[in-house]
Amino acid sequence: MKILTFIARLFVAATFLFSGFVKLVDPLGSAYKFEEYFSADVLNMEFLIPYALPLSIFLIVAELMLGVFLLIGFKPKFTVWSLFLMTLLFLFLTWYSAYYDKVTDCGCFGDAVKLTPWQTFNKNVLLIVVIAFLIFAVKHIKPILNSKALNWISLGSLVLFLYITYHVLIHLPLIDFRPYAIDKNIKQGMEEIAIDGLPKVHDFYLETNDGDDLTDELLSKDKVMFVVAYDLDKSEMSGFENIKKATDLALANGYTVYGLSSSYIDDLVIVNEKNDLKFDWLFVDGTVLKTIIRANPGIITMNKATVTGKWNWIDAEDFKP
């Protein structure tokens, strides 16, 4: 029994730590996924959409802390019951997604590991069974150190997780698992098929206000900069001061520069006039833009369809041509 408990303990702790970590490095991705769940077409709980990011951060940190608790044997009864209830919630959400075909990717492992809805549901069934066993065998979960050391490890872990969360929200994800990561080629991504049967890069169309498609033309150029602002209503307007410095520098060094947005052209014109921006805007689906870069606004540079750099607006001055 002790050996089985130890194996189950390691399995559950490792699963929650991995799941939490790949989301911790990109909490906005989880927030966007919650927004999808809360939308009218899924759970119809749109009043929760404004709280998607805080809820995302809370669940990510909770997932990681419970993984740490289980690994070190801190408060075992509280830990296993919390893990059981959290997994029960995820079990319902993944069943709902799979059965009603509402959300094709639950984001349980962020963008690092893609699973189909039914694969995700089956994973949660296995987890709930193993955690139920741990509840039964909780007396065999022993702490690995004295209580003072466990308290310090727990506090240190919490501080570390919160710091990482703050850092990636201010800048960009520490690790980018998406097909638009640095050194990824967009054209290759259009040809590679993901687990959902769609190309890894899809719906990537660069359209002018007149309806012309510039996708192929711009993906063939060797020095391109895109300013991404998926929704001006949610953009950090003060960030366009840094954006202007970076884009002016890029233009002076032979870059082709365009803005990418899903906002109305009238609003984009106003932003250009207020900030003296020297580039035109192209129109791209908002979901695609949120996938390209976790910044609003942000900058991405490309060379013949290969991503060469990405910056949040706060780091735009780090761009070097």
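## Overall architecture

The model described here is predicted, and the secondary structure of the protein comes to eleven helices and five strands.

Along its principal axes, the C-alpha trace of the protein spans about 70 × 45 × 35 Å, and 49% of the 321 residues count as buried. Among the contacts with a separation of 6 or more, 71% are accounted for by residues 24 or more positions apart.

## Packing of α1 against α3

Helix α1 (residues 2–24) and helix α3 (residues 52–72) have axes that come within 8 Å and cross at roughly 150 degrees. Angles over 145 degrees count as roughly antiparallel, and α1 and α3 are therefore roughly antiparallel to each other. The crossing in which α1 passes α3 is left-handed.

On the α1 side, the contact is made by R9, L10, V12, A13, F16, L17, S19, G20, F21, K23 and L24, which meet I60, E63, L64, G67, V68, L70, L71 and I72 on the α3 side. Sorted by class, this contact has 13 nonpolar, three polar and three charged residues.

## Nonpolar cores

The largest nonpolar core holds 37 residues, of which V12, F16, L70, V80, L83, M86 and L134 touch the most other members. Two or more residues are given to this core by each of α1, α2 (27–38), α3, α4 (76–100), α5 (117–136) and α6 (147–170), and the largest share, twelve residues, comes from α3.

V12, which also takes part in the contact of α1 with α3, touches L70, L83, L127, V130, I131 and L134 when residues up to four places away in sequence are not counted.

## L55 in helix α3

Helix α3 also contains L55, which, at 30% relative accessibility, counts as partly exposed, since that class lies between the limits of under 20% for buried and over 50% for exposed. Leaving aside neighbours within four places in sequence, L55 is in contact with F34 and F38.

The chain separates L55 from L218 by 163 residues, and the C-alpha atoms of these two leucines are separated by 38 Å.

P297 is placed in the loop between α11 (286–292) and β4 (298–303).

Conventions. Residues numbered from 1 in each chain as written. Predicted model: local features only at pLDDT ≥ 70, side-chain atom pairs only at ≥ 80, totals over all residues. Heavy atoms only, no water. Axes fitted to C-alpha atoms, helices over the stretch in contact; angles between N-to-C directions. Helix = DSSP H or I, 4+ residues; strand = E, 2+ residues; numbered from the N terminus. Parallel < 35°, antiparallel > 145°, perpendicular 65-115°, else oblique. Left-handed = near helix turned anticlockwise from the far one by under 90°. Contact = heavy atoms within 4.5 Å. Nonpolar A, V, L, I, M, F, W, Y, C, P; charged D, E, K, R; others polar. Core = buried A, V, L, I, M, F, W, Y, C linked by side-chain atoms within 4.5 Å. Buried < 20%, exposed > 50% of the residue type's maximum accessible area, 1.4 Å probe, protein only.
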